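Keep the structure open as you read; the points are grouped by topic.

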Amino acid sequence: MNLTSDRQASAAIPGSQAGSWRTVGLLAVGLAYLAATAYVAQSDLGLQNLVLVAAVFGILAISLDLVAGMLGLYSLGQGGFFGIGAYATTILANDYGWNVFALLVLVLAATGLVGVAVGAMSLRVSGLYFAITTFIFTLVLTVLATDMVNVTGGLQGLLGPAFPDFPGGLQWLGAPLVWCTMAGLFLSLALVWNVRHSPFYPVLLSIRDAEPFAEAAGARTAAIKVGVFGVSAAMAGGAGWLFSFLGVVSPGQFDWSVSLNVLVMVLIGGINTTVGPVIGAMFVSMFPNVVNINPWLQEIVYGALSILAITLLPDGVVGVAKRLLAPLVGGSAPASGIVAVDEPPPAAAILPATALPTTPPEIIVECRGIEFGYGLGPKVLRNVDLAVQRGHIHGLIGPNGSGKSTLANVISGRLTPHAGQVLVKGTRVDGMPASSRSKLGLRRTFQAAQLVKELTPTQNVMVGLFDRVPRIMGRAAFWPMLASGGRDMAAMHRRSAETLALVGAGEWTSRQVGGVPHGIEQLTQLASVCVAGPDVIVLDEPATGLSAKEVKHLATILANLKSQGVTMIIIEHQTRFLFPLCDRVTVLNAGEVILTGSADEVRADPMVRQVYLGE
Ligand SMILES: Nc1ncnc2c1ncn2[C@@H]1O[C@H](COP(=O)(O)OP(=O)(O)OP(=O)(O)O)[C@@H](O)[C@H]1O
């Protein structure tokens, strides 16, 4: 599939005609930002300090939102990275006379690397445990900063270095630190805005909400999480570098409460939004100056306002603004029917042309002597052999708990067998991660749809193209600025929308998945797989929860895919739907294969009738 050469596609993105208006809007915002920076750079020190602190914490909040908002990793380590940046700058500039700009490069690289190391260790766990490990990281650094008095000045801290002046002819620009800080904030905003407007964004959200889906689409999720955490740590370190020029650097400015305050900033402004964290940072950092009352009363008012903001506005200020502005901007038109049952997709049209079959019969997926058990429990799969011929639909049936989903997970790479081999197209894959199997043309769907609810079906289907389009991750930070980015995005968008239309969900492309019926979720899963032109699809109970009409529609699509040479392994309880589609059926019982044969042979077998059909 050559998406990069699809030059006509840009016209297909809804709203791309408004592109020039967007450029004008962005230009106006950029000019306003420049004018505001120039104004602050010439103002009195009081205003400068207010803006500088808000901007530095804005960068810190953006760094947290990058991992918390897009990946669901609630790091309490941002204070630690911030501290490393500030202390390293202060000590190396003051005591060793290092150039502060060379120190910026050093700080970004060092905190990025520390972030990768901390991420690689902490990301073995998730949720609360991840928050706690990063919290401990910050705690240890704070203790070190407090106790290493000779180096850090202990609780009293160190006076940060002076920021260099502009060269002679440029002094009319005002305070150079203001320009530098505002440039840092701008670059941080531009980074997250670019990522959010790249196809890497739905991939990140799928790692956050539906990791198995992202893995099955070819994303190396663990490496991506560690990498993004490293970038976030480098941003926090950069904020620390800026902070060191604002005055005294002491342990109290980087302790765990700072990490928590940054989280409050993100939640107040709006998690997973571009400007929300900056709005939150402005609120929190400017609050003591704006509400100039008795300090203890101030703390109470601040606490009460924060609790109210977080509980009453779960989407933050930006979420509320978006909801209020939605009617003015215009939402997507509601979709009508559920599934176009009367108009099944035309044959040979669901897959891209490059996915058409090769003919010679061959075993495309093979399992040999698979053994598997969860933890120390009993074996769930025992000596399982399975041979699936190219172009066949191979059914996998068995009573509840017989090990069908476990076998699907072993084939697709979610689970590693304890013994035995899995081969796809003759290549042994049982040691490979799930993401590598996608490159071999193996894709899968899940019994409970693994999708990102807040994205549209089209955006979800785009995730399926992750390893089909070159360097999505490498280009994400600059995506909207690259000509290739615009072209690829348009082509991916068009192909995803087309695939959704071909599976019969074309009317739902612009709704959020959270608001579509179950049948459309299943079709979206299927489209996210078909869009990549796979050779083999493993479907885990695709008909579960579908109406009779939807099941009929699904059968038409699967027959259609088969006619295009796609091999399928289908786990299903509804034999009336499954058997007419199947070339072969394997029956599992208590983790063992008891029979493989045609649907008729299976239906007629007395043992199968006894253990499965209950006769
Ligand atoms: N994550 C897990 N941890 C421990 N045991 C598990 C896990 N997942 C499944 N099992 C157990 O493994 C056995 C096989 O489960 P599996 O889901 O593979 O069966 P299945 O044939 O797909 O069942 P169903 O038709 O109900 O989906 C069951 O006894 C189940 O309880």
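Glu366 sits opposite Leu423, a residue of β6. The model is predicted. Strand β3 (residues 363-373) and strand β6 (residues 419-424) run antiparallel and are joined by five bridges.

**The antiparallel sheet**

- β3 and β6 belong to an open sheet of four strands, in the order β4-β3-β6-β7.
- Pairing in this sheet is antiparallel.
- Its edge strands are β4 (379-389) and β7 (427-428), and each of them pairs on one side only.
- Strands of a sheet pair through backbone hydrogen bonds, either parallel or antiparallel.

- Most residues other than glycine have a negative phi.
- Asn383 is not a glycine, yet its phi is positive, at about 45 degrees.
- Asn383 lies in strand β4.
- Is Asn383 buried or partly exposed? Asn383 counts as partly exposed because 14 C-beta neighbours lie inside 10 Å.
- Lys425 is not a glycine either, and its phi is positive at about 50 degrees.
- Lys425 belongs to the loop between β6 and β7.
- Lys425 has 16 other C-beta atoms within 10 Å, so it is partly exposed.

**Around the ligand**

- Which residues are around the ligand? They are Tyr374, Val380, Gly398, Asn400, Gly401, Ser402, Gly403, Lys404, Ser405 and Thr406.
- Helix α15 (residues 404-412) gives the most to this shell, with three residues.
- By class, the shell has two nonpolar residues, seven polar and one charged.

- Strand β10 (residues 567-571) is mostly covered, with five of its five residues buried.
- Thr567, Ile569 and Ile571 point one way from β10, while Met568 and Ile570 point the other way.
- All of these side positions are buried.
- Strand β5 (residues 393-397) pairs with β10 in the parallel sense, over four bridges.
- In that pairing, Ile393 is opposite Met568 of β10.
- Strand β9 (residues 536-540) also runs parallel to β10, and five bridges join them.
- Leu539 has Ile570 as its bridge partner in β10.
- Val538 is opposite Ile569 in β10.

**Strand β9 and the crossover**

- β9 is mostly covered too: five of its five residues are buried.
- One side of β9 carries Val536, Val538 and Asp540, and the other carries Ile537 and Leu539.
- Both faces of β9 are covered, and these residues are all buried.
- Strand β8 (residues 442-445) pairs with β9 in the parallel sense over four bridges.
- Arg443 stands across from Ile537 of β9.
- What do β9, helix α21 (residues 548-563) and β10 make? Together they make a right-handed β-α-β unit.

**Domains**

- The chain divides into domain 1 (26-328), domain 2 (340-353 + 360-441 + 534-615) and domain 3 (458-532).
- The C-alpha centres of domain 2 and domain 3 are 25 Å apart.
- How many residues of domain 2 are in contact with domain 3? There are 16, and they meet 12 residues of domain 3.
- On the side of domain 2 that touches domain 3, α16 (434-439) and α21 each supply at least two residues.
- The largest share of that side, three residues, comes from α21.
- That side of domain 2 has 10 nonpolar, four polar and two charged residues.

**A buried threonine**

- Thr37 is found in helix α1 (residues 19-42).
- Why does Thr37 count as buried? Thr37 is buried because 21 other C-beta atoms lie within 10 Å, and the cut-off for buried is 20 or more.
- Leaving aside residues up to four places away in sequence, Thr37 touches Val178, Trp179 and Met182.
- Thr37 and Gly174 are 137 residues apart along the chain, and their C-alpha atoms are separated by 9.7 Å.

Notes: Residues are numbered from 1 along each chain as its sequence is written. This is a predicted model: local features need pLDDT of at least 70, side-chain atom pairs count only at pLDDT 80 or more; totals for chains, interfaces and linings use all residues. A residue is near a molecule or strand if its C-beta atom, placed from the backbone, lies within 6 Å of it. Ala, Val, Leu, Ile, Met, Phe, Trp, Tyr, Cys and Pro count as nonpolar, Asp, Glu, Lys and Arg as charged, and the others, Gly among them, as polar. Two strands pair if DSSP finds at least two bridges between them. A residue is buried if 20 or more other C-beta atoms lie within 10 Å of its own, exposed if 12 or fewer, and partly exposed in between; C-beta atoms are placed from the backbone. Two residues are in contact if their C-beta atoms, placed from the backbone, lie within 7 Å. A crossover is right-handed if, with the strands pointing away from the viewer, the path from the first strand over the helix to the second runs clockwise. Domain bounds come from an automatic or database domain assignment.
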